[in-house]
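User: Please go through this structure with me as a set of questions and answers.

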Amino acid sequence: MADPITQQQLSQIAKFSTLHPRPYGQKYEYGTAGFRLLGSLLDSVVFRVGLLAALRSRKLDGETIGVMVTASHNPPDDNGVKLIDPQGEMLEASWEAYATKFANAETDDELTKEYLAVAESLNINLDSPANVVFARDTRASGPALVAALKDGLAAAAADYADYRILTTPQLHYIVKCINTAKTATPYGHPSEQGYYEKLATAFQIVTKGKPKPHVITVDAANGVGGPKLKELARYIGSDYLDVIVVKDEIDAVEKLNYQCGADFVKTQQKLPLGVQPAPYELYASLDGDADRIVFYYIDEAKKFHLLDGDKIASLAAMFIRDLIAVSGVDLQVGVVQTAYANGSSSKYLSDILQVPITVTRTGVKHLHHASQLFDVGVYFEANGHGTVLFSNSATKALESFEAQNPGQQDAVTTLLSLAALINQTVGDALSDLLLVIAILSHKAWGPSEWNLTYTDLPNRLVRVVVKDRAAFKTEDAERRLVEPKGLQAQIDALVKKYKSGRSFVRASGTEDAVRVYAEAATRLEADELAVKVSDLLKGL
């Protein structure tokens, strides 16, 4: 029989759970982005995430766990929730199954049994401290979902702090700051102000003595990133940075991500609605929770040029590689990509920069872990989500290095300041914006000079509905099909007919569909290859 403390908790969970009933027949799955679907279907899920966050904290001896309520680049009626582990990283993969089980428990009794089963199987003392912090983006469903989360935390007897409206990366930052506060290497002050102060100071050091960057216009997707970027710019000061923020109507919740934002610009390959840049001016777009960013410009013929995550990764890798060479510190910089990375970017990194590349499965958690294997690991998905990770050993090597001349000292100082400027926990659009601006300032480049580093191969991404996505199994970081049998050989035969041809097929993580990616030397050939590979899938 459960002890009195446990029994009391289970009783409270059952009591509060009746206020947050699970929609009949609805199935939930915790993925890379946590739970994400219509906000109206998430009340029970967010309540149960509160329970899981308390258990996760107790399992980790009371370390603080984060919970972010957001749906990033999704439409305004969607929402989502995800957990953040103590170092600001994503939830440990083994706990995703617990999250899914909690969300799908059909009755209050089943939920309490699942809760107790996890506690018992992992030897979690339910009387031990649990600490959770949370925040949300600007969606209309956010306040009600936060109320459900508070009920879950209260039922599980967890201590919590509400950080209200933040960007997703700001909460990741705060979680790491809290958990490193009493260590030898505190990450920063655990507050929104601490975030601004850390990034502003680092940016000022990195750009000191360099020409002031040209003004940059940023489309904030009518999301939380707009006011946060303005506040960050205020901390940096107009002597160092000029930013114009557009698409910043956070009170017009129906406009969130509507024909604007990083996902729109990347997928549609065009300017946000109503944005009309002058030729060769640098523009950028955030997504709704400000963890993605893409850059772009138009030329004198008004042709649109996208500078996406691949371009950001190559720019960062080039700059950091050169700084390491000047510093004289023995460090290796590497880049992590997915199969969706443009072939030209991979060739530029490996052949021109001679930087090692690792390819992982799609999903930020895979890229993040692979990046940790380098002294300095650069990862960006093509959609603009990414960051640069400096290992602890790399930071220590830089801090202890005795420079022999001013050039070495400047390079070491810049590298250490870059490590502070770049959010080490997760992709952060505001941090990445400053990184790109700082590099362009050092290089005295505009967007067209940056774009000249390599030319993207034309590519096409096609969604194909199939009867059973589980029938599509891959290997080699999702670049080759193992099943259905014989299909990969047919794709290979098609690819051979196109100059610089490449194509792969991978199953969607959320629907019975597959994604067909194709690239080739010309736009016409890339489109044709995508269509022909898609035709192979019809009837499967």
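This is a predicted model: local features need pLDDT of at least 70, side-chain atom pairs count only at pLDDT 80 or more; totals for chains, interfaces and linings use all residues.

User: Which helix supplies the largest share of the lining of the second largest pocket?
Analyst: The second largest pocket holds about 840 Å³ of space. Of the 25 residues that line it, the closest to its centre are Lys176, Tyr187, Phe390, Asn392 and Gln424. Elements that each supply at least two lining residues include helix 6 (168–180), strand 14 (386–390) and helix 13 (392–400). The largest share, 4 residues, comes from helix 13.

User: How many residues of the lining of the second largest pocket are polar?
Analyst: The lining of this pocket includes 8 nonpolar and 5 charged residues. The remaining class, polar, has 12.

User: Is Ile422 buried or exposed?
Analyst: Ile422 sits in the loop between helix 14 and helix 15 (429–443). Leaving aside neighbours within four places in sequence, Ile422 is in contact with Tyr187, Thr387, Val388, Phe390, Ser431 and Leu435. The relative accessible area of Ile422 is 0%, and the cut-off is under 20%, so the residue counts as buried.

User: How far apart in space are Ile422 and Phe390, C-alpha to C-alpha?
Analyst: Phe390 is one of the contacts of Ile422. The two residues are 32 apart in sequence. Their C-alpha to C-alpha distance is 9.2 Å.

User: Which residue in strand 19 is the bridge partner of Ala507?
Analyst: Strand 18 (residues 502–507) has 5 of its 6 residues buried. Strand 18 pairs with strand 19 (residues 513–519) in the antiparallel sense over 6 bridges. In strand 19, the partner of Ala507 is Val514.

User: Which residue does a cis peptide bond join to Glu483?
Analyst: The omega angle of this bond is about 0 degrees. The residue asked for lies in the loop between strand 17 (480–483) and helix 17 (487–495). The cis bond joins Glu483 to Pro484.

User: Arg164 has a phi near 60 degrees; is Arg164 buried or exposed?
Analyst: This phi is a positive value in a residue other than glycine. Arg164 belongs to strand 5 (residues 159–165). Its relative accessibility is 61%, and the cut-off is over 50%, so Arg164 counts as exposed.

Conventions:
Residues are numbered from 1 along each chain as its sequence is written. Side-chain values use heavy atoms; hydrogens and water are left out. On a 1 Å grid over the protein atoms alone, a cavity is a set of points where a 1.4 Å probe fits but cannot get out, and a pocket is an open set with protein on both sides within 12 Å along at least five of seven lines; lining residues have an atom within 4 Å of a point. Grid points are joined across faces, edges and corners, and a volume is the space filled by probe spheres set on the points. Ala, Val, Leu, Ile, Met, Phe, Trp, Tyr, Cys and Pro count as nonpolar, Asp, Glu, Lys and Arg as charged, and the others, Gly among them, as polar. Buried means under 20% relative accessible area, exposed over 50%, partly exposed in between (1.4 Å probe, protein chains only). Two strands pair if DSSP finds at least two bridges between them. Contact means heavy atoms within 4.5 Å.
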